[in-house]
Every structure is written in C-alpha cells, then in structure tokens.
There are 6 protein chains.
Amino acid sequence: MPKIAVYPGSFDPITIGHMDIIKRVSHIFDQVIVLVANSSDKKYLFTAEERADIVRKAMNQMDVKNSEVCIHDGLTTEFMKSRKAQVIVRGLRAVADFEYEGTLANMNYRIAPEIETFMIFSRPEYYFISSRGVKELARNGGDVTGLIPDFLGPALIKKLAD
Amino acid sequence: MPKIAVYPGSFDPITIGHMDIIKRVSHIFDQVIVLVANSSDKKYLFTAEERADIVRKAMNQMDVKNSEVCIHDGLTTEFMKSRKAQVIVRGLRAVADFEYEGTLANMNYRIAPEIETFMIFSRPEYYFISSRGVKELARNGGDVTGLIPDFLGPALIKKLAD
Amino acid sequence: MPKIAVYPGSFDPITIGHMDIIKRVSHIFDQVIVLVANSSDKKYLFTAEERADIVRKAMNQMDVKNSEVCIHDGLTTEFMKSRKAQVIVRGLRAVADFEYEGTLANMNYRIAPEIETFMIFSRPEYYFISSRGVKELARNGGDVTGLIPDFLGPALIKKLAD
Amino acid sequence: MPKIAVYPGSFDPITIGHMDIIKRVSHIFDQVIVLVANSSDKKYLFTAEERADIVRKAMNQMDVKNSEVCIHDGLTTEFMKSRKAQVIVRGLRAVADFEYEGTLANMNYRIAPEIETFMIFSRPEYYFISSRGVKELARNGGDVTGLIPDFLGPALIKKLAD
Amino acid sequence: MPKIAVYPGSFDPITIGHMDIIKRVSHIFDQVIVLVANSSDKKYLFTAEERADIVRKAMNQMDVKNSEVCIHDGLTTEFMKSRKAQVIVRGLRAVADFEYEGTLANMNYRIAPEIETFMIFSRPEYYFISSRGVKELARNGGDVTGLIPDFLGPALIKKLAD
Amino acid sequence: MPKIAVYPGSFDPITIGHMDIIKRVSHIFDQVIVLVANSSDKKYLFTAEERADIVRKAMNQMDVKNSEVCIHDGLTTEFMKSRKAQVIVRGLRAVADFEYEGTLANMNYRIAPEIETFMIFSRPEYYFISSRGVKELARNGGDVTGLIPDFLGPALIKKLAD
C-alpha cells in the first residue's frame, strides 16, 4: 500500500518555509498531499483557489513530482480516510506551536486512531518566517524577496493594495 | 527503496510508552530499527545487551514483525548511512523534550542533510511514564505493573537490589 | 469556618475535563462553587443561564453534593468576598495555561491577598479536551461522545445549527 | 556617535512596568526614544496622541531627561534608520513573550542587520502588570492605584466609561 | 475529617519563598506537614535533622501553629496514607517546574488516586529565590540577608566553610 | 563615562555562536569584556587560561578591537564593580535559557541594582550550536568545521584524545 502524507494548512500564502517542508517530506513518502484549508469562520487574504494555485506553481518550481494540492473544509481525518492517507505532517517552529500541535494530534487520534501525526522541525533559517509575518512586512512596504516564491511578490503587493 | 526508520534511545529499560511508539511507527515504515545507545560516558542500570534483549522480547509480545534491535555507540547518522535509513523517529512528551529534540534534529541535519527527524507525540496516557520515573518508583517499593512489559517487573526489582 | 473553593470559567459548554476537576476538588473542600463567567465583551455559544443549567445537570449526574453554580460578571475576588470563599481553583493543561494563570493569580493576590489560587493538573486523558475543541469538532460533524456529558450532545448540535 | 535605543510598544496606556524599563534603559544609552505604535489594523483605547502625551507626562514625573516620545506607523526599522538609532529594547515577562520577541528580532535582523534587539527582564514585582490587565481591572471596578502613573487613574476610568 | 496538606521538599536550606508558601497554605488547611526529604541518592549540605530543625525554628518565628515537620525517605504517598493526608502542595516558579510537577502529580495519581496535588504560585518577589541560588550566592561571599530566615545566616556561612 | 558590557560564560570552547554575539555587541558598547568563568565546582575540558587564549585568538581573527578577555571566579557583579561595567550581555537560544537567565538577572539585580542584564537572541543559524554539542560531535568523530574557529579544530581533537 502506498504511504501517503497530508500536509494541512492555510497557506495564505505559502512561504519558503512551507516549501522546504514539502520538499523534505516528498523524499520520505510515496505521495504528499498539500491540503489547503477553507474554513468558513476564518478570513483569508487569498481565496482557497488562489492559495491552491500558488502552492501548485511553487511545487512545479521546486520540481516536486509526487505531490498534489487539494482544498478542503471540515475534518482533516475525513479527507484522509477518503484518500487512504496514513500520516499528517506538521511543521514545528516554537513552543507555542508544540502545544497546539499536541492538542490537535491527540484530538485527531481520538477520532481516527489509525492516523499518525508526525512533526518536523523547520530549518533554523526558516524559523522566523510565517505567512502572517510576510503579510505584515509587505503591508508596511518591507521587502519580502526570499521569503515567498519569487513569482508571488507582485501578486501579494497587488492583493494587499486592494 | 524501502523506507527505514530508526528509533534511538537508552531504553534503560523500555516502557509501555516506548512500546506504543514502536508499534505506531511500524505501521508507517517498511522497517523500524530500535537503536539501543551505549555511550561510554553514561551510566546505565542494565547493560546494552540486556536492554536490547528486553526490547526484543517486548516487540515479540506486541507482535511487531518489521522491526529489528541494534546496539550502537557513536553518531546515529553514521549508523543510518550504513543501513540506508532515512528517518529518525523521536517521541515528544514535554516542552523540555521539544527544545532538546530541536537542537538534536538541527545538529543531525548539519551532519547528514538527507536524513529527516520526525517527532511523534506520546499518547496522553503515556505522558508521565519515563524510564527514570519507573526506576525511581520501583526503588521506593512502588508498583510498576502496567508501566513496563509484564515479564520485566521481577528482573527490574532484582537488578535494583543488586 | 468552612473552606469554600471557587472554580471560575466560561464553561461554554462544560467538558468531562471540567467535571473531573469539580469532582476531585469537592473531596477536599467543604463547598465548591462553580462560577460561570458572563463577560459583556466575550461571545458565548450558550447563554449564561444555559451554561449554568448544563453545569448543574452535570453535577447532579456525578452526584457531587457539596457544590453550587453561580453566574457572575466582574471581579472573581469580589464574588468571593461576598461568599467568604478562600480559594480559587484552576485547571492546568499546558505551558500556555501556566503563564496566564500565573498572571491572573498575581493580579488577584494584589487585589485580595487573603485569597489563594490553587492549580490542579488535568488528568492526562483530559489534557486534549477543551470547550473550544469540542465545538470545533461538533461543527465539522465529528463525534463528541465521551467529551461532554451525554445529555448535552443533541443540544450542542442543535445550538451550532442555529 | 551617540547610542540611541528605541523602545516600541502600544502603551495603551503606559504602566509602571513600562516606566521602570524606560528608566533603567535611560542609564545605559545616550538617548531613549519611546515609540508609540499607531497601526491601522489595531484598536486602541486611547488615541496615539493621547498615549504619547501620557508617556511624556510619566517621563517628566520620573525625571528621565535623555528621552523622547514619537508616534510611528510602519516598520520600526525604517524609523530607526531615519534617526540613526542602533538598538531596539523590549521587555520580557513570560515564555510567550520570549518566542514572539525571537521572531520579531529575527525578522528585523533580516530587514536591517545593523540594528540589534536587546531584551530586558521586567522586575519580578512588575511581571504581572500589563496594559490589558490594567484595563480589565479598571473596567470591573478594581483599584489600579500603583499600576499606572497616579495622574492617569481618573482619565482611565473616564475613558472606559465613554 | 480534618484536611491535612503535605508540603514535601529538600529544604536545603529553607528560604523565605518556602516560608511564605507554608504560611499561606496554613490558612487553608487544618494542618500542614512540612515533609523533609532524605533520599539516599542525593547529596545535601545540611543533614535531614538539621534541615528539619531549621524549618521548625522558621515556623516558630512565623507563628504558624497548625504545622508539623517530618523527615521521610521513600514515596510521599506512603507517608500520606499513614497520616491520612489528602493534599500535596507544591510551589511553582517557572515553566520547567511546571512540567516536572505535572509528571510527578500524574505519577502520584497512578499510585494513589485519592490524593490530590495542588500547585501554588510563588509571589513574584520570591520567584528568583531558590535554595541552590542562596548557597551559590553565600559560597561566593554574597549577602543572603532577606533570602533565608535571619537566624540561619551565620550557620550557612559556617557550613559552607567546612 | 564609557559604556562597558561584560559577556560572561564558560567558553569551553568558544563557538561561532559566541563569536557572533561578541561582534554584534562590540558595535553597541564602548568596550566588551569577555569574562571566562573559572568555577572550582565545575569541570572544564580546557583550562581557564587555554579558554581565554582561544577567545583572544578568535577575537583577533574577527578584528574586534574594543574588547578584552578576563578570567574570573566568583560573583560577576563584583568583577563588574571593579571595572565600572554597567551591562551584562547574555545570549538566548531556547526557552530553557530564558528561565535560567531570568533567575540570574533577578538575582544579580538584588545584589547590584545598578547593573542591567541585556539578552540578545542568537541568529537562527547559530541556534543549534553549543559548546557541549560541539564536544559531543567531535568525540564521536563528527566534523566540527564551521562550528568553532578554524584554528581550534586540531586542538579540540587532540584535547579529547588525551
């Protein structure tokens, strides 16, 4: 049976930190599904379709073959069962992440004990990069080169100006 | 290429928390190697051979087929290269673990960037179980049933009395 | 003088984690008052009266005799003085709780130095259960059996559908 | 070249914890600029001008000579370049602060590597004092004497009543 | 049935932080037993008898009537059963304490589910005071006045010189 | 009056993480004194004189002019008074550091309130580098190039082989 990992998140927008994790995980599993969340009670800068397109473009650039991008609203575990995926992958940056992830992992275990959650540490050089930080920086006129995929820069600035 | 995970530790002795992680990981990877550390500057209650034997017995009891036990002194990454293993698995219980693991993962990344470290949360019911705690409890005459494999109880008490 | 403990919170809605703490605390103090917060600058799913009723029902089910439920808006310490209560009880799950509780305890100490705050750890099996998590799970169609009192399940689903 | 430190924050309103840090920092640097943030996507109780005036009054009371108050919206590093300031000063109270500050410091380093961020621990007696806590206390009719500059008490109560 | 709390620790030696906690707890419970640990695998500066005597003297000075000092080696829960004590009290200062205490509390719960552990925050002004810090300070010729009971100063200096 | 910062530590041996902090701090203060600790109750790999020599060599290589290396046993604050230094500088890497540093800073404040402690975050790329980690890596035959000053590699390997 192929081993399938799901990497869920908002990706609003994807950063080079996310991209690095996708690449690393793609070497370990037969397939990686990037799962773009679309929750009705959250506000996003980019629509779900835009966010998924950006992720797809970024994965093409990185030349990651065994991956796919999906949009999903609802329980991640439900999506995984429909795709026979066994592993949730989550990036860890800080202690605050750690606790939140622990709660999430245990919650998911209760719902779907056959699904495992694996945490992976961000590389130190990506520790300080978050989607929220990137947007704040761009909003204040800061330079975001090197924090997001190159093609995304102009689109982000345009979006924030809307 | 088969996906091989290595689960390194002291296992002095193995607890049901360790056993649970081995079982869970064995469902995800083609092979799991439990790597019993034997560091010259650490003191162990059980010898490396005893600790490895106990792990083997425990894995037999759990009916985990795709696993192996090895003893190793030195860099975990060196061992992994010799076995073409791609993933280090580590259990996470507390924030203190989290930081130590982050340092270790980054150190290993520097030495062997092709090797990934995956962290997995202990189930809540195993959070408070550590080899050290088990030994302390047994030393004070407390009951360790249910914290270590059943066959180990008498051996642990005998060892502590030596 | 009877020893009276106050257990303040939102209880929106009560979980089996809260229920366990109430039961444990009721063995130690002469009386336990569950204090349902009703803050004008917070949004609740259930009204204060509904939340208090649910707590009362849950305590009846657990057969906790020496307890009472009150609704309060304002400083917890003011309520406590009016009832000659000496101890605030708070549950601890994570490091984030810990820091928030420390701030709160010290703030309360400044206002009312004769009142003590006691923290009590959730049992490991309840670590991952929060009112917020339960609501999120139910909102996404997940099964919340065993996380909240049994009688509450249908009411929660109905409320979320409104 | 004179050494100039910038102490950025919301100061909504200033507390005696902030005041203590300003005083301590003023002994080390040639000049301290208190930078009152005015972000369009945040809600403040006091306007930027009011907050800056309160800080100025508080500094007069403390008799801190080598200081200045500015209002700024945008990247702190841009302001610093315009004033040739070298050091950002931040107060630390809790682990949560610590992680946030680490992210911020690294983000700023990326934008302006010549600017350093120095963290300074609050004195234990000010650990539990935050602008948010003070406002909550006052809103509930609690006594805030000794937590904010004396002259501010009536203004705070009036503002909250509006 | 009287409510009896046990406050276990090394008290090597007692600090004013410990003393403050004993005083505060003595107002809440019918009796407080300070349990001086005497573990064969730990090294202490003062003998168990000396440490217990110092605690007794300190409690006399504070005029705490409903307290007692005992020396114990072994499981705290065994001692408590022999005395029909229901509550273990522990002081909390930092996140590191928090995690250690959580493990301990859960371990004790497993052995003796009828015994509860209550954590109480040190007052901010005692956060930085530990027995270890006091000894280090005295060893380096620093002034420990106000950190330990006054009568203890000369004895501590003499002991360290031995 | 010149502003003098002291950077205390074991430096057993200095890493490129330490070197980066020295360089950064040297731009802010008139003088930086690297204070090599020599505590009688600690075991070091290198003697105090060797450690100080290595620091001096490393600072020459970095071309840091306004610095000095001293060896000291005892209270850091005593040394600082003798040199009229105002600021202790400490590097922060993890939450564990954070708490330890908070205790230390408050202890020093009690002894010498006129001395300030400033914390500075390690650059992300140096987060995972510690003297202890470097020694462990070298002891196991790992490559330490780029973690310590280049000239130190052979000396470290020789020292560990003794």
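Analyst: In this predicted model, chain E contributes nine residues to its contact with chain B, and chain B contributes 13 residues in return. The area buried between chain E and chain B is about 990 Å², with carbon and sulfur atoms giving 64% of it. The side of chain E that touches chain B is made up of three nonpolar, three polar and three charged residues.

Turning to chain A, a rotation of 180 degrees with 0.0 Å of shift along its axis superposes chain B on chain A, with an RMSD of 0.0 Å, which is the relation of a two-fold axis. Within chain B, M119(B) has the C-alpha nearest the axis, at 2.4 Å from it, and 100% of the contact residues of chain B recur in chain A, the same surface serving both copies.

This contact draws 30 residues from chain B and 30 residues from chain A, and the two chains bury about 2600 Å² between them, 68% of it on carbon and sulfur atoms. Four salt bridges are found across the interface of chain B and chain A; one of them joins E116(B) to R24(A), whose closest N and O atoms are 2.8 Å apart. The elements that give two or more residues to the side of chain B touching chain A are β4 (87-92), α4 (95-111) and β5 (116-121) of chain B, and α4(B) gives the most, with eight residues. By class, that side of chain B divides into 16 nonpolar, six polar and eight charged residues.

Conventions. Residues numbered from 1 in each chain as written. Chains lettered and ligands numbered in written order. Predicted model: local features only at pLDDT ≥ 70, side-chain atom pairs only at ≥ 80, totals over all residues. Heavy atoms only, no water. Contact = heavy atoms within 4.5 Å. Buried area = accessible area lost by both parts, 1.4 Å probe. Nonpolar A, V, L, I, M, F, W, Y, C, P; charged D, E, K, R; others polar. Least-squares fit on C-alpha atoms with pLDDT ≥ 70 in both. Salt bridge = Lys/Arg side-chain N within 4 Å of Asp/Glu carboxyl O. Helix = DSSP H or I, 4+ residues; strand = E, 2+ residues; numbered from the N terminus.
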